[in-house]
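Student: I would like to go through this structure and ask what each label rests on. Please set the values against the cut-offs as we go.

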Amino acid sequence: MEKFFQIAIDGPGGAGKSTIAKAVAQKLGIEYIDTGAMYRVLGLKMLKNGMEFKDSSDLRMLLDNTSIDFRDGDIFLDGEPAGHLIRTQEVSMAASACSAIPAVRKKMVEAQQKMGESKNVIMDGRDICEVVFPQAQFKFFVTADTQERARRRFEELKAKGENVTFEQVLAQIKERDLNDSTREASPMRQADDAELLDTTDMTAEQAADYICEKVRKTVK
């Protein structure tokens, strides 16, 4: 691809955003930036430090002394690979809690925008289309039925050996949806110029192919 472009993907948890975005990045040969993982590693660090999920001088100091980067398909927290530590339900809820803090979102958005300044990227999260990359050429709001999203997350957690019930996962999905859509800072919503992509009856591969076809038709 010779023409510079950005693909922005928003949507709720369990809709398959990250899986789809990774597949698109591979198919198009562009960089994938997992913004949700950025909040997860920060939530992990806050948990490890026993911090409350609210704005404070301690939090701002932690933000100033936190390094987050992507290399070789993994996310690095303060120079250490952290991808294997951030997919638990505890960290998922911590990510949702810290992402509601305006100071956290400001810091993360600045970092995300910097990452996408000079290269073709695909980025997924909950406020990418309107806040991080409002100028993105391609915007999608990826979602799925609540029960289906809970089923996917439940299967993912079971495969990792976590002791959870479907009912617990469903309740947490609903709680996170509520938190994400009602928070004061950049609430999750479908941008007016973002295309709705319902993946309830689609595989991640089918969704990725759909996005790639849209891009290839426009970018020569």
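Student: Which residue stands opposite Gly-125 in strand 6?
Tutor: Asp-10 does. The model is a predicted one, and in it strand 1 (residues 6–10) and strand 6 pair in the parallel sense.

Student: What makes strand 1 and strand 6 a pair?
Tutor: Two strands pair if there are at least two bridges between them. Strand 1 and strand 6 have five bridges, so they meet the cut-off of at least two. Strand 2 (residues 31–34) also pairs with strand 6 in the parallel sense, over four bridges. There Asp-34 stands opposite Asp-124.

Student: Why is strand 6 called largely enclosed by the rest of the structure?
Tutor: Because five of the five residues in strand 6 (residues 121–125) are buried. Val-121, Met-123 and Gly-125 point one way, Ile-122 and Asp-124 the other way, and all are buried. In a regular strand, side chains alternate between the two faces of the sheet.

Student: Why is Asp-198 called partly exposed?
Tutor: The relative accessible area of Asp-198 is 41%. Buried means under 20% and exposed means over 50%, so Asp-198 at 41% is partly exposed. Asp-198 lies in strand 8 (residues 195–198).

Student: What does Asp-198 touch, not counting residues up to four places away in sequence?
Tutor: Asp-198 touches Thr-143 and Ala-144. Asp-198 and Thr-143 are 55 residues apart in sequence, yet 5.0 Å apart in space, C-alpha to C-alpha.

Student: What makes the link between the side chains of Asp-198 and Thr-200 a polar contact?
Tutor: The distance given for that contact is 2.6 Å. A polar contact needs a pair of N or O atoms within 3.5 Å, one able to donate a hydrogen and the other to accept it. The Asp-198 and Thr-200 side chains make such a contact.

Student: How many disulfides are there?
Tutor: The count is zero.

Student: How many aromatic pairs does a search of the whole structure find?
Tutor: Two.

Student: Why is the pair of Phe-5 and Phe-138 called edge-to-face?
Tutor: The ring centres are 6.0 Å apart and the planes are at 90°. Centres must lie within 6.5 Å for a pair, and planes over 60 degrees apart count as edge-to-face, so Phe-5 and Phe-138 form an edge-to-face pair. The pair links distant parts of the chain: Phe-5 is in the segment before strand 1 and Phe-138 in strand 7 (residues 138–143), 133 residues apart. Phe-5, at 2%, counts as buried, and so does Phe-138, at 7%.

Student: What are the centre distance and the plane angle for Phe-154 and Phe-166?
Tutor: They are 6.1 Å and 85°, and that pair is edge-to-face as well. Phe-154 lies in helix 7 (residues 146–159) and Phe-166 in helix 8 (residues 166–182), so the pair ties together parts twelve residues apart in sequence.

Student: How do you know that the radius of gyration agrees with a compact globule?
Tutor: For 220 residues, a compact globule would have a radius near 17 Å, and the protein chain has 17 Å, so the two agree.

Technical notes. Residues are numbered from 1 along each chain as its sequence is written. This is a predicted model: local features need pLDDT of at least 70, side-chain atom pairs count only at pLDDT 80 or more; totals for chains, interfaces and linings use all residues. Side-chain values use heavy atoms; hydrogens and water are left out. Helices (H or I, at least four residues) and strands (E, at least two) are DSSP runs, numbered from the N terminus. Buried means under 20% relative accessible area, exposed over 50%, partly exposed in between (1.4 Å probe, protein chains only). Contact means heavy atoms within 4.5 Å. A disulfide is a pair of cysteine sulfur atoms within 2.5 Å. Rings of Phe, Tyr and Trp (its six-membered ring) pair if their centres lie within 6.5 Å; planes under 30 degrees apart count as stacked, over 60 as edge-to-face and the rest as tilted. The radius of gyration is taken over C-alpha atoms; the globule rule is 2.2 Å times the number of residues to the power 0.38.
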